[in-house]
Amino acid sequence: MPNCLTLKKSNCKNCYKCIRHCPVKAIRFSGNQAHIIGNECILCGQCFVVCPQNAKQIVDETEKVRVLLQSGDPVVVSLAPSFVANYDGVGINAMRDALQKLGFYDVEETAIGATIVKNEYERMLKEDGRDVIITSCCHSVNLLIQKYFPAELEYLADVMSPMQAHCQDIKKRFPNAKTVFIGPCVSKKDEAEHYEGIVDAVLTFEELTNWLKEAGIELKQDIDSNEESRARFFPTTGGILKTMAQNAPGYTYLAIDGVENCIDALKDILIFFFFKCFIEMSACVGSCIGGPVMEKYHRTSAIKDYITISNYAGEKDFDVVQPSPSEISKHFEYIEHRLPMPSETEIFNVLRQMGKFKPSDELNCGSCGYNTCREKAIAICQGKAEISMCLPFLKDKAESFSDTIVKNTPNGLIVLNEELEVQQINDAARRIMNVRSSTDILGDQVIRIMDPTDFMEVRNTGRDIKNKMVYLPEYKRYVEQSVIYDKDSHLLIGIMRDVTDEQTEREKKESISRQTVEVADKVVDKQMRIVQEIASLLGETAAETKIALAKLKESIQDE
């Protein structure tokens with residue numbers, strides 16, 4: 001990982017926005033966390049700009065600069081010319097006053113170094129006779145060529161950047177001086193660290209703003225200017241060309257901004273042979289005034305920023321002591337970074353794991369951050385990506401899992417929208433309601449196959465119905481029905497358990513019970529009648545016996 005960029009793992013939310021915006025795909029995912037691949041990164045800062053959770057952080061060198069200030073040596077600031085666009089209405093004198101309050105010895109514009117570099121570019125065009133020259137002011141462009149287009153290193157101007165040229169000039173004029181560059185660029189931190197002894201520390205505008213706030217120092221609204229400041233155009237697209245004479249015989253001058261456009265141009269140079277072409281390249285769209293730390297959270301208009309720079313720039317060059325070409329020469333070496341390319345068999349196997357069995361399955365939707373499914377498969381083989389980053393794959397997997405459950409559950413499921421139109425029906429529900437095929441009812445009103453009353457009630461009241469016994473007379477079936485309203489998806493879900501057999505058995509038992517009760521009642525009635533009849537007979541016999549005995553008694557008495 002680049003030393004100047006760090007990652008807050010707790011903030012990384014697995015959104016893949018950084019890999020989608022990384023022009024060289026120098027981000028690896030492991031455990032659903034993004035990791036910057038240091039030897040592939042060109043430090044354009046796009047991942048820092050687009051991260052919605054602020055998981056990417058630029059290493060703050062404020063404390064390092066505080067230590068420099070306490071060293072006792074003069075600490076001089078090289079202030080990027082884009083400062084005037086970042087700090088609205090503030091000129092170099094106001095910036096110098098504020099920074100000297102922080103303890104800096106002096107503040108100068110990096111545009112002085114830009115003038116030195118511009119002069120060297122003009123000399124190269126006139127004296128060196130090169131066919132193609134690519135400017136070397138942008139460290140991200142330099143890294144892009146060093147890592148991805150090594151065949152074009154010969155075209156990269158072997159000249160220091162304005163930051164380096166200016167800081168070297170400062171150290172010539174101020175013995176024992178320490179230099180601090182302040183600007184809108186992430187990659188300058190890496191450039192200062194890699195080429196030691198020229199720039200001692202780098203601060204971003206954001207770091208400076210925070211430091212000034214902490215110290216309670218306000219920038220004065222003083223937009224001073226002077227005629228000798230034409231190099232202030234450097235931070236704009238075409239700004240380098242604007243400061244140059246552009247009079248080298250036979251040369252074509254062009255400016256390209258944005259990493260994607262630079263990559264396309266470098267590919268063209270590989271394919272087509274160009275003659276006498278001077279190319280200004282900037283990694284940021286709009287050049288440095290579109291830098292990743294140009295007010296990340298309060299980004300202003302590119303047009304407004306350009307006009308601000310244009311109004312502040314003068315008509316003449318800074319008066320500089322031009323060093324010899326060897327003094328500001330810079331060597332660029334090839335930076336090896338390539339991971340081994342997987343075989344076609346390995347790529348094919350990964351594509352199969354992603355559910356891509358034929359070209360038509362490769363949606364190339366870019367949701368994972370890679371332009372094509374094949375690029376994603378290669379990244380997986382190289383350990384840079386995970387299969388789970390493929391959203392269509394996860395969606396299909398989730399749908400397949402849910403479909404398996406829906407299809408195999410013994411319960412009938414029917415899903416309606418709020419207009420009571422059938423959106424989904426499973427096999428069990430079709431069997432309950434004798435629906436031949438789901439296509440026969442999908443999109444139609446549910447009233448075609450069943451009474452919608454319960455669904456209407458749940459939709460209107462928002463109260464779910466649970467385990468209600470319902471008889472479907474059309475199908476001679478009993479179901480235990482639940483109706484659930486999913487307000488988020490605006491869907492009504494009906495769950496039906498076929499209890500026809502249970503209900504039939506219950507009714508059969510109830511019938512037998514009724515018959516048993518009726519038989520028992522009849523037996524009791526009959527027994528009661530017999531008892532009554534016996535009682536009646538016994539009563540008559542007793543009466544007759546009583547009369548006979550009475551008569552017998554009377555006859556005995558009479559005798």
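Modeller: Helices here are DSSP runs of H or I with at least four residues, numbered from the N terminus. On that numbering, K189 lies in helix 9. Keep in mind that this is a predicted model.

Biologist: Fine. Is K189 buried or exposed?

Modeller: Buried means under 20% relative accessible area. K189 has 3% relative accessibility, so K189 counts as buried.

Biologist: What does the side chain of K189 join up with in a polar contact?

Modeller: With the side chain of E207, in a polar contact of 3.2 Å.

Biologist: And which residues does K189 touch, leaving out those up to four places away in sequence?

Modeller: C4, I58, V59, E61, V202, L203, T204 and E207.

Biologist: Which other residues of helix 9 are buried?

Modeller: Besides K189, the buried residues of helix 9 are S187, K188, E191 and A192.

Biologist: Take helix 7 then. At what angle do helix 7 and helix 9 pack?

Modeller: About 70 degrees, for helix 7 at residues 139-148 and helix 9 at residues 187-194, and their axes are 9 Å apart. Angles of 65 to 115 degrees count as roughly perpendicular, and helix 7 and helix 9 are therefore roughly perpendicular to each other.

Biologist: Which residues meet there?

Modeller: Helix 7 brings H139, S140 and L143, and helix 9 brings S187, K188, D190 and E191. By type, the residues of this contact divide into one nonpolar, three polar and three charged.

Biologist: I'd like another helix pair. How do helix 14 and helix 15 pack?

Modeller: Helix 14 (residues 344-353) and helix 15 (residues 373-381) pack at about 105 degrees, with their axes 9 Å apart. That angle makes helix 14 roughly perpendicular to helix 15.

Biologist: Who makes the contact?

Modeller: From helix 14, E344, E346, I347, V350 and L351; from helix 15, C373, R374, A377, I378, I380 and C381.

Biologist: And how do the residues of that contact divide by type?

Modeller: In the contact of helix 14 with helix 15 there are eight nonpolar, no polar and three charged residues.

Biologist: Change of topic. How many salt bridges in the whole structure?

Modeller: The search finds 31.

Biologist: What about E108 and R173?

Modeller: Their side chains meet in a salt bridge of 2.7 Å, N to O. The pair links distant parts of the chain, with E108 in strand 6 (residues 106-109) and R173 in helix 8 (residues 162-173), 65 residues apart. E108 is buried, with a relative accessible area of 9%, while R173 counts as partly exposed at 38%.

Biologist: Which residue forms a salt bridge with E122?

Modeller: K118, with the closest N and O atoms 3.8 Å apart. E122 and K118 are four residues apart in helix 6 (residues 111-127), so about one helical turn separates them. Both E122 and K118 are buried. On the topic of networks, salt bridges that share partners join E120, R123, E127, D128, R130 and D158 into one.

Biologist: Last topic, backbone. What is phi of K25?

Modeller: Near 50 degrees, a positive value in a residue other than glycine. K25 sits in the loop between helix 1 (17-21) and strand 2 (27-30), and at 12% relative accessibility K25 counts as buried.

Biologist: And where is N467?

Modeller: In strand 14 (residues 465-472). Phi of N467 is near 50 degrees, again a positive value in a residue other than glycine. N467 is exposed, with a relative accessible area of 53%.

Key
Residues are numbered from 1 along each chain as its sequence is written. This is a predicted model: local features need pLDDT of at least 70, side-chain atom pairs count only at pLDDT 80 or more; totals for chains, interfaces and linings use all residues. Side-chain values use heavy atoms; hydrogens and water are left out. Axes are lines fitted to C-alpha atoms, for helices over the stretch in contact, and angles run from 0 to 180 degrees between N-to-C directions. Helices (H or I, at least four residues) and strands (E, at least two) are DSSP runs, numbered from the N terminus. Angles under 35 degrees count as roughly parallel, over 145 as roughly antiparallel, 65 to 115 as roughly perpendicular and the rest as oblique. Contact means heavy atoms within 4.5 Å. Ala, Val, Leu, Ile, Met, Phe, Trp, Tyr, Cys and Pro count as nonpolar, Asp, Glu, Lys and Arg as charged, and the others, Gly among them, as polar. Buried means under 20% relative accessible area, exposed over 50%, partly exposed in between (1.4 Å probe, protein chains only). A polar contact is a pair of N or O atoms within 3.5 Å; within protein, one must be able to donate a hydrogen and the other to accept it, and residues adjacent in sequence count only if both atoms are side-chain atoms. A salt bridge is a side-chain nitrogen of Lys or Arg within 4 Å of a carboxyl oxygen of Asp or Glu.
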